[in-house]
Amino acid sequence: QSNICGPGFAEENTSSEEQTMIEVTGKSYLAPPNLPDFCSCSPGWSSAFYGAECFDSEVHSYLKNLGKQKPSESQNIDAKKVELEQLLMMETKNYRKTIKFYQKLLQKERRGKGLETKSMLPKLRGQLQEMKSKVQFLELVKKYVQAKQWGVESHVLPTVIHSGKADTMAPMNGSSLLLYYNMEKHQCNNQNGVRVLQAGTPLGLMAYLYSRNAFLEGYVQQFLYTFRYFCTQEEFLQFLLDRISSTLSSASLDPSTSLTKICNRSFYILQAWIEDCYSVDFATNTNLLSTLKEFISSKVASLNGYGERLLSLLEDASARKSGSADLCSGVGKCEEESEEGRKTLHSLCKKLSEDVSRKNFYWKLSKGVGPSTQYQREWLHTGSAVLPKPCCSTFTEESSVSVARADEVGPVLLMECSAQQLCWQLTLLQQEVFNKCHPVHFLNSRALGVKDKCVAVPKAVSAETVSLKVCNLFLSKCIQDQYLLQLLKNADSISTWVAAEIVTCHTTKRQVSLLSKFLLIAKCCYEQRNFATAMQILTGLENLIVRQLPAWKILPAKVAEIMEELKAVEVFLKSDSLCLMEGDRFKTLPTIPSAHVLAMHVQQLETGGFTMTNGAHKWTKLRNIAKVVSQVHAFQENPYTYAPDFKLQSYLRQRITRFKDADISALAADNCANFHQIPAEKHSRKIQDTLRKMKATFQ
C-alpha cells in the first residue's frame, strides 16, 4: 500500500519541517510549526466533494518542480512554501490592480465616454478570468502543502488509539478497527494500487483522521460533516484532547517522530473543526465550549503557541455568530487579511463576470418559451448586476414603510414592479436565510419531522416541541441544531403568501395579471439558479384552491407554458442529488437550492443500515452523504450581488408575514372572483324553468 497521492513527493514530506522551541520555567516545549499555516486548517467543501480528486496531477507536478532552477535539483518543503507565498502575493496584487482598472473602464462605458473602452472591456474580462484561475490554482497548491503535514502511516494508527489516557469507547484489536477495499492501479494516480477505507468502528474512524492522507483524500472534511452518526460532540472532543494531553510534553524537535505528528495533527483537526462547525457544535452546546476553553487555558496556553490562537479563534467565531465581529478573525492578522482579500477579489471578479456567464444560461425545457420576453431582456446586461454593491440587507435593516402602509398598498406594488425587480429582491431575501444554514443542518431531518410532500412543522406546532423519538439517526446525546425547520418554514410562508395574494384579488383580470407576474418571477428565478424561490412559487401556484381558479382558463398560452417549465425543473431537481453540481456552472453562477428537495435527497441516502454485521460503520455511506451536503457550502461561496432595494424588501417581508399563517380556503371563500360565475340571463332562465316545473306539479 502507498499512502502518497503525488508521485515524487515522498522525500519532501517531512524531511525538513523546522520547528522552534520556547522556554517555560526552564523546560522546552514544542511551538507551532509555522505561523502562516495556522491561518486556516479547514479543508473546505471541495475536499469533501471531490475527495482525492481535489488535487490533480497538475498540482503534484507543479509543487514538485517549484523552486528548482535545474531538473536535477531538489528543494526542501519550507523553501517551496516561501516561494509559493511570494507567487500567491504577487498574483493577487496584480489581480487587484486589474480589477480596479476594469471598474474604471466599466464606469466610463456606462457614462458613454470613450469608444475604445467598449473594445477593451472584453479583452480585459478575459485577462481577469485567467488571473483568477491562476490565483485559485496557487491557493489549491498551498492547501495541498498544508494537507500533507503531520500525518502518520497506517501502521502507526494503533499508537494514535492507545496514546490517549482514557477512551469512552472500548478499543478493539487493530485489524477490526478499520476495513479497507483494494482499488485497481488504473483508478488512482499512483503506480501501486491503494486501499480505500470502507468501514470502521467509531474509535477507528477517529484514529484515521491522523493518517497521512486523511486531508488529501477529503476524509477530514467528510468526517466533520458526518461524525454525529456514530459519536457525540463530547466524545470526539475528548478524543482530541486526550491525544494532545498525552503527546504535548513528549513532542520533540524532530518532526518525524510519531508523537510530534500526533500532537500537531490534533491541533490541526481541532482548529478545522472550530473553523467549519462552530455554529452547529460549539455555539449550540455551552458545555462543550466550556470544556474546550478550560482545557486550552489550563493545559495548553502556557505551553504551546497554539493555545492562544485557538482561544482567539473561538472568540472570533463567537463574535461572528452573534453578528458583532469583522470578517477577519484575529488569528495571524496579516496573513488572515491577505486570505480575506483574496476572497473579496474572487467575489468581485464574479460580480464583474456575472453578466457574461448569464448570456449563455437559459433552460430549454419546453418549446415555445424562449428567453425573448421583456423581463429576460431587462437583466441580460445591466450595470446593477455588475458593479460592486452590498450583497443584501439584514432583517434589522428595515425601511420606514409600516405594516399599515403595506396593507394599504396591497398587491398594487407587486403589479407595478417588474418581474426582474421582484426576482432580485426575493433572491436576496432568500439568500439571507440560506447563508445561515450549514451542511450538517440537512442531516437526520426525519428526526425533526421533515417528510416528503408536506410541511416540516405544522403551523400550530413550534420547532421546540418537535419529537425526536422517531427515526433519530444521531446518537441520543448528540445535540442537533434545528435551523432546517426555520428554513422550511420560511419556504412554506412564501408559498402561502403567493397563494394568498392571488385568491384575494377581487377581479379575474387582476388574478390573471398576478398569476402571470408570479410565473414570470419564478421563471426569472430558476434561470438565475435561485431554485428555492422558484419552487416556493410553484408550490403556491399548485395550491388546490389556486389551481381551481377560473383565471387559469384565460391565461395567455405562453405564460401558461411556464407552469410546465417549472414542473420540469422540479423533476430535474428531484432526479439527482448532485444535479446542480454538474459541470463548472455552479462555480461561476450563484445558486440557491431548494432546501426541501435537498433534505429529501439526504433522507434517501440515510435509508438503510449504517453499520455492518460486525458493528463497523459504513464509511462509504457516510462519505456519499458528506458529498451531497457539501454543496451547501459550495453555493454559499458564490453570492448574488444585486443592488438591494430596502423599501421593496420591507414591503415583501411585511406581505409575507401577514399571510404566512393564512387559511387559503377561508380567504378564497370571501372573494367572488374565485368561483365560476353563471351569466345572469342564463341564471334567471334556470329559475323561470324551475318555477314552471313547480307550477306544473300542482296543476
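What share of the 699 residues in the protein chain is buried? Buried residues make up 52% of them. The model is a predicted one.

Start with the whole chain on display. The protein chain has 29 helices and five strands.

Next, select Glu501. This residue sits in helix α18, which covers residues 483–503. Glu501 has a relative accessible area of 0%, so it is buried. Show the side chain of Arg655 as well: it makes a polar contact with the side chain of Glu501 at 2.8 Å. Other residues that Glu501 touches include Pro411, Leu414 and Phe518.

Now turn to the salt bridges, of which the structure holds nine. Side chains of opposite charge can pair when their charged atoms come close.

Select Arg228 and Asp281, whose side chains form a salt bridge with 2.7 Å from N to O. Arg228 is in the loop between α8 and α9, while Asp281 is in helix α10, so the pair ties together parts 53 residues apart in sequence. Arg228 is buried at 1% relative accessible area, and Asp281 is buried at 0%.

Then select Lys134 and Glu91, a salt bridge whose closest N and O atoms are 3.5 Å apart. Lys134 belongs to helix α4 and Glu91 to helix α3, so this pair links parts 43 residues apart in sequence. Lys134 is partly exposed at 34%, whereas Glu91 counts as buried at 15%.

Finish with Glu570 and Lys574, another salt bridge. Both lie in helix α22, four residues apart, which means about one helical turn separates them.

Technical notes. Residues are numbered from 1 along each chain as its sequence is written. This is a predicted model: local features need pLDDT of at least 70, side-chain atom pairs count only at pLDDT 80 or more; totals for chains, interfaces and linings use all residues. Side-chain values use heavy atoms; hydrogens and water are left out. Helices (H or I, at least four residues) and strands (E, at least two) are DSSP runs, numbered from the N terminus. Buried means under 20% relative accessible area, exposed over 50%, partly exposed in between (1.4 Å probe, protein chains only). A polar contact is a pair of N or O atoms within 3.5 Å; within protein, one must be able to donate a hydrogen and the other to accept it, and residues adjacent in sequence count only if both atoms are side-chain atoms. Contact means heavy atoms within 4.5 Å. A salt bridge is a side-chain nitrogen of Lys or Arg within 4 Å of a carboxyl oxygen of Asp or Glu. Lists of a residue's contacts leave out its neighbours within four places in sequence.
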